[in-house]
Every structure is written in C-alpha cells, then in structure tokens.
Amino acid sequence: MYLKANFKTLKISIILLLLFALIRKPTDYWAQANTADVVILNDLLNWEHVNRTCLARDCDEHVNLKQLQQINTYMSDEADPCEDFHKYACEHWKREHPNEMTMAAVAYKETTKKLLEIFEKNKPELKAELQNNAIYEKLNAYYKVCIETEQQNSSILWVYFNELNEMGFLRYSENPRWLQTYKELQLLMDNPYFWRFSIEKLTKSNYILTIDKPENLNETNIATDLYEIFKNFTSLSLEELQTKFLTLENEVNEIIDADCASKCVPSETLTYEELLQKHTSINWTDVLSNFQLQFKDNVTIDSIETLENLFAYLSRQDSNLLYVYNLFMFLSHLEADKVNFLDNQHSPYKCVHHMRKIFDLPINYLYEKVFYSKIRTESDQLIKNVFEELKQTFAEIVEENQLKFADRNKKYLMSKLNGVSLNIGNLPANVSDDFYQTYLQEYQVTNNFYVNHLFALKHYYTQQLSLGSSLNDNAPWFSFESLDPFVLDSTSTASYFPVTNTITLPFTYLQIPNYSPQFWPPLLYGDLATTMGHELIHAFDPSSLIYDSDGKLAEMDFKLISRNWHYRNAIKCLNRKPTQFLDERVADVSGSRLALLTFKRKYLLSPSNAKLFFLQYAQFFCGSADNFDAFHAEDSTHDIDSVRLNYTLSQSPEFAEIFACPTDSPMNPRTKCQLW
C-alpha cells in the first residue's frame, strides 16, 4: 500500500472545517462543494499543517474548497503515486471532460463561454460597462451577423470566392499575373509558399522584413469540392490538374534544394533603398508594394540567387495554372482552419470562438474591460510579487554556481534574468482606449458574414505588413504578441518570447483551476509559480539562451556557456530518456524546481503543503490523450501530458520524499537530472 494509509488523522477536523465554511454560504453552495467529494484528500492531508494564508485583500475560502473538491474528483485512490503520478492525480479527468483533450482546451472553452456572455446575455452590469464603447459595438455587430447568417445553398468556398471577386481580389482574366494574385493573397493569409515574407521582431524595439526562400512545398491533394471551383478556370480534368500541381511543386522544390549546393551566401541586412539599387532581375518595388517601406527601413534577405531563380521560373510558367494554384492555396487554407464555417453552422459559441481568432487584440480588450479589470490591481500585484520571488531564487541559483560557470557567464545570465519582463493579459502596454479604436477604425461591418470575415483577414494582415515600415508608430506592438488568425487556440497557455525577453500570461490562463488571487499558497505556487518558473527557465533553455537581455543574438556568450562541461553533462542527463522537446523538458524540470524552492524560501514545506503543491501542479497536465499521435494533433510542441508530468516529478527529490517512493520506483529513479 502507498502512503495514503498513513495520513488519516484529523479527517474529522477537515470535515468540520468544510461544514463550518459551507453553513455560512447560500444553500446552492452545498451542491458545489460536498464534503463527501474530498474523501481522498481527507485521508491524505493533515489539515492543521496546510498553509491557508490569505494573500488577497478579500478572501473567499469557498474558492479553495471548490478547488480541493475538483482536485479530489480527478484523483484515483486506487493508483500508486510512486508508480504513475499522472494516473493518481488525473485518472478521472476524462470522465469530467469527455470532449476536451487537454486542460488548456478546457480553459480556452471556459474563457470563450465568458466572452459569449458579453454578446449574448442581457446582464445590466455588462451593458453598463460597455455602453457607448465603439470596440464592443463593432464586434457585437460582427457577432450578430455571424449568428444570423442563413444557410447557403451553394458551396461555402464558392461563396468566399465570389465575395473575394466583389472585393476586387482574385479576379480572373485571360492572362492573370501570378505576382498580382500572390500579393492579393498576402493580404489574406500568412503565405510561405513560393516566397517567404515575414515581419519579425528583430529586438525589443525593432521590426524587420525578412525575405527568404520558402520551405519545401508539400504534395497537394485536390479535393473534389475544390475542383468544382477550379474547373471554371481550367479545361484540365482533376487528375490532369493534380499532375500539373505536383510537377510545379517538385520543380519549385528542386530550386529550393539547390540553394547552397555550389556556394552559400549568408543573409544580409540592408536598407530598402540599398535593395532597390541592387542589380537583380527582381522588381522589388512591385514585389514589396504591400509593405509601405521607406528608403531607410531595414530588410534582411537570404538566398537572393535562389529567389531570383524562383522568380524567373514562375515567370515562365503558364499564368492560368499559377492563378489556379494560388486560388487553391488560399481556399485550402480556409478549409484547413479548424474553426471554419464550411458546414453552414453558425452557433453562438462557434461565432465567438471564431472572433477570438480573427479579432484577438480587441477581444482581449473586451475581456479586460468586463472581467479582469475588476481584479487587475490586486491580482497583478500578487502575480508580480511571485514573479520577483522566482527571479530572486534564480539569482541565488546563479550565485551558488553549481555548474561552475566563469564570471563572464554568470554576468550574462544575471543580465538576461534582470531583463525578463512580464505581460499580464497579452495587451499592449501604456495605451488608452484610443489605441484600440484607432486599430479598428478602418474596419467596417457589413450585413454579409463572409465579406466581414474576408475584410477582417485583410485588416489584420495589412496592419501586420505595415509593422516593417517606419512610417507608422509601432511602439505599442512591441509589448505584446499579435497572433495569426489561422493559429488555433494559441492563447491558452503562458509563453516566453526570446526576442523581447518577455513572459506572457494570457487571460485564458488567469482563471480557475490554474489561478485565483484567493488561492492558498500551496495552490498558488503549485500552478502560478510553476507556470511562470517554466517560462522563466525558457529564457535559459538551449534554444533561447543565445538571445541576450535585449533579444539580440549573443553567440559568443552562448558558446562559452554551452561548452561548459557541467552544463553539457546536465543536458546529456536530461536527454538520456529521449525526447523531441528538450527545451520543454528543461523548462518543466527546472521550472518546477524553481517554484518549489521559492515556496520553501517563504513557507514551511510540510507534507500536506507539499502534497497540495504537487497535486495542484498536476492539474495543468490532466488530459485525456493516451497516445502521442492524438495529442500531437492538438499540441505539436510538447510531449504528451502524462509523460511530462511523470518525468518532471520523477526528477524531484522532494516529491520522492513526500510520497515515500522506494528508490528505483518509476517516480524515484536513482539518478536524477537537473539543469538550473
């Protein structure tokens, strides 16, 4: 038997405490926090030793009791925490969330439901908050058109194509210019095929246009519904058109793959004026007309000879074929979007889900206005305090210098640590409502949903392409991350961005079960501190360590650190159990350790506090995926949740001690790995 049997003391006291808390609440609270639902925790915890300090100004104990009930609901008292902690902590999670694969997906869904209240519920307090708000009025108009859209008799893709034509885009002619079609699509999607144009944050204060060859084109497969559109512009059969597309893609890939075969010229950064003066076969004024570049603006260009070869090749091809191929790329892009309306279904939830992607910035603004602003002052201060505690703990780790770095290395690490900033909510810093109104000023809502959608794409990408130009004031855009409308649910979890050296905590994360300012310390540090610790460690993972405090490449400092024997040995140890995601493993293991050390510096790590800490940490990793392929379809950047949780805690001596795990048991290997 595992440790559960050793912790049945004070079961009566916890039940009495819960009863005392509940009798002060309205009767409907009884259904939400039934004492019978925490029986596993009753057996596990010594309640007198749980730190129930209130860190918020106004505390509601029920918030914590409800969280304990939820933790208890997911747990399995038949599982052994020393064999499989994920099973022990999360066995029954799927029963509670049959339609979601990850806790992040659950959080995203809950936030979407809250946002739906803004547009759907006639709550007086919401109406008062948003009265005469221009952002709300415009988004509400978009929402109403979305939900009131009638079912279409023809193909939705054909509807989109016709509306594009009405906008003046993708109009067919006898001899269409492939570059013109390509540039039109550049205003509707992120288009890495044929060419790669990307506006990137060069440092904390500079955007730059990067021009490069694309990745190899994937082998296309023309679906029947798409061909029904294409046959209006080609006499080729579906099989013949498919063959033509494959030939085009193979020949483009051959040009891409030939790059550096004989000689390899490194990328160069030059002004737009200098680029125009270069003797090349490319008409850069035409190619870059969407970007509003000024002569003094910088451009980074890579593989210019390959780009010239691509340009020459495409200019020799059948213009009609390239028109149809461009059309295929956009319509298939729309079709691949997991939140599309090709099924003719426009439910309220789906419309808000869609709007979160297409209007990420203004939707975040509304969430702040209606929900988070009420707790921002107190919540932000609490989060910042924990963040500074984590940074102080990491500073002590650097000073202890167990990896025996040279003084120059330590100075570099401390400089980067001091420069890490925090964005709570992923909103631009130091802007007024005028910023958001100006952002949406040129966007107009019509009574046609498909036109509204296309105009929204054009609005987003036009603004993004303009960031490379000094003609505009881009300062606010450096302080947050603007997310592509076709990126699915990317705002669910915290992120670290090395070029800006910034950690972002999105609103989707800042809610129960991940976070509440009213959480007791073991719950607060078990998730908030481990999450921020994870992202803070990303600043020092093998991929991001090369960027300095200002987001600039610091290759020499990185080389000096990565050549350190102790550093290399720690990385080798972490990779002993193979993973495709070494950076995430470093952040998981060292980030959770950083949070636990920070908790121990401030609070007593009693067995009960420690168990609550680890159980709360596990909540983020509770999910229903039981094979990597299914998980990878939803999250392609991490190991499966159960693998992450079990591996991470198996490297923690404190975990093994608290749960009395035998040496060489799955959760207590004899050799443990750690980097920071």
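Okay, let's start with Cys 90 and Cys 622: they form a disulfide, with the sulfur atoms 2.1 Å apart. I'm calling it a disulfide when a pair of cysteine sulfur atoms sits within 2.5 Å. The torsion about the S-S bond is about -75°, so this one is left-handed. Cys 90 is in helix α5, while Cys 622 is in the loop between α28 (607-619) and α29 (628-634), 532 residues apart. Helices here are DSSP runs, H or I, of at least four residues, numbered from the N terminus.

Quick caveat: this is a predicted model, where local features need pLDDT of at least 70, side-chain atom pairs count only at pLDDT 80 or more, and totals for chains, interfaces and linings use all residues. Residues are numbered from 1 along each chain as its sequence is written, and side-chain values use heavy atoms, with hydrogens and water left out.

Back to the cysteines. Cys 90 has 4% relative accessibility, so it counts as buried, and Cys 622 is buried too, at 0%; buried means under 20% relative accessible area, exposed over 50%, partly exposed in between, with a 1.4 Å probe and protein chains only.

How many disulfides does the rule give? The count comes to 4. Another one joins Cys 82 to Cys 661, S to S 2.2 Å. These two are 579 residues apart, with Cys 82 in the loop between α4 (61-74) and α5 (85-90) and Cys 661 in the segment after α31 (653-658). Both are buried.

Then there's Cys 146 with Cys 351, sulfurs 2.0 Å apart. That pair links helix α9 to helix α18 (residues 348-358).
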